[in-house]
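Please consult the sequence and the coordinates alongside the text.

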Amino acid sequence: MTADDDARSEDESAGTSGSGDSEASDWAASRRRVAAQRARMLQERQDVEHARAARIVELFLGVARDEGLEDGPLRVRGYSGGSARTPLRGWYLRADETVGIDTQGRFYFLSMPLNLAQRLHGVRPESLPVPMTIGEGGRDGDIVPLRFALDRLLPGWEERSPEPLV
């Protein structure tokens with residue numbers, strides 16, 4: 001092999017590996033774009049679902065007020081037992097009282113680890129977007145559709161709603 005052949009061989013292998021690196025980086029960039037697009041689509045779908053659920057809760061609150069459904073104090077349950085007061089009033093959406101809505105339609109998980117100070121002085125849980133399905137993705141498998149949970153609080157409320165639920 002001559003020096004020219006060696007140089008040509010090095011140029012070709014450099015061009016091939018450089019091209020391979022470029023293809024790999026293009027592929028990785030393409031995968032990142034696809035992943036980002038999927039994440040945006042998922043977020044948009046969740047936003048629409050939360051808006052729909054919030055609207056259902058808003059309609060429920062209107063019927064509940066008109067019919068005088070009594071609200072009560074909401075408490076947080078400790079993971080290892082015990083409970084703590086909250087400044088919230090509303091209704092529990094699950095029989096185990098770990099999820100609730102307040103009188104303004106805000107949604108709360110009412111179960112968390114509690115220390116002694118929290119048990120004595122109370123806690124203020126953070127509100128979360130209202131889900132269409134309560135308990136989805138949880139370990140216990142106790143999944144309750146929002147509309148069913150609201151119907152347990154005020155049976156037949158949907159028929160008395162001023163607007164149809166969509």
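**Strands and hairpins**

In the hairpin formed by S1 and S2, 4 residues lie between the strands, and Gly81 adopts a positive phi near 105°. The model is a predicted one, in which local features need pLDDT of at least 70 and side-chain atom pairs count only at pLDDT 80 or more, while totals for chains, interfaces and linings use all residues. Residues are numbered from 1 along each chain as its sequence is written, and side-chain values use heavy atoms, with hydrogens and water left out.

*Pairing of S1 and S2*

- Strand S1 (residues 72–78) pairs with S2 in the antiparallel sense over 5 bridges; strands are DSSP runs of E with at least two residues, helices are runs of H or I with at least four residues, and both are numbered from the N terminus.
- Two strands count as paired if DSSP finds at least two bridges between them.
- Val76 is placed opposite Ala84 in S2.

*Pairing of S2 and S3*

- S2 also pairs with strand S3 (residues 99–102), in the antiparallel sense and over 3 bridges.
- Trp91 is placed opposite Ile101 in S3.
- The hairpin of S2 and S3 has 6 residues between the strands, and Glu97 in the turn has a positive phi of about 60°.

*Burial of S2*

- Strand S2 (residues 83–92) is largely enclosed by the rest of the structure, because 7 of its 10 residues are buried.
- Buried means under 20% relative accessible area, exposed over 50%, and partly exposed in between (1.4 Å probe, protein chains only).

**Salt bridges**

- The structure holds 8 salt bridges, each defined as a side-chain nitrogen of Lys or Arg within 4 Å of a carboxyl oxygen of Asp or Glu.

*Glu67 and Arg160*

- A salt bridge joins the side chains of Glu67 and Arg160 (2.3 Å, N to O).
- Glu67 belongs to helix H1 and Arg160 to the segment after helix H3 (146–153), so this pair ties together parts that are 93 residues apart in sequence.
- Glu67 is partly exposed, at a relative accessible area of 38%, and Arg160 is partly exposed, at 38%.

*Glu58 and Arg55*

- The side chains of Glu58 and Arg55 form a salt bridge (2.7 Å, N to O).
- The two residues are 3 residues apart in helix H1 (residues 3–67), and therefore separated by about one helical turn.
- Glu58 is partly exposed at 49% relative accessibility, as is Arg55 at 29%.

*Arg106 and Asp102*

- Arg106 and Asp102 form a salt bridge, with the closest N and O atoms 2.8 Å apart.
- Arg106 is partly exposed, with a relative accessible area of 40%, whereas Asp102 is buried, with 2%.
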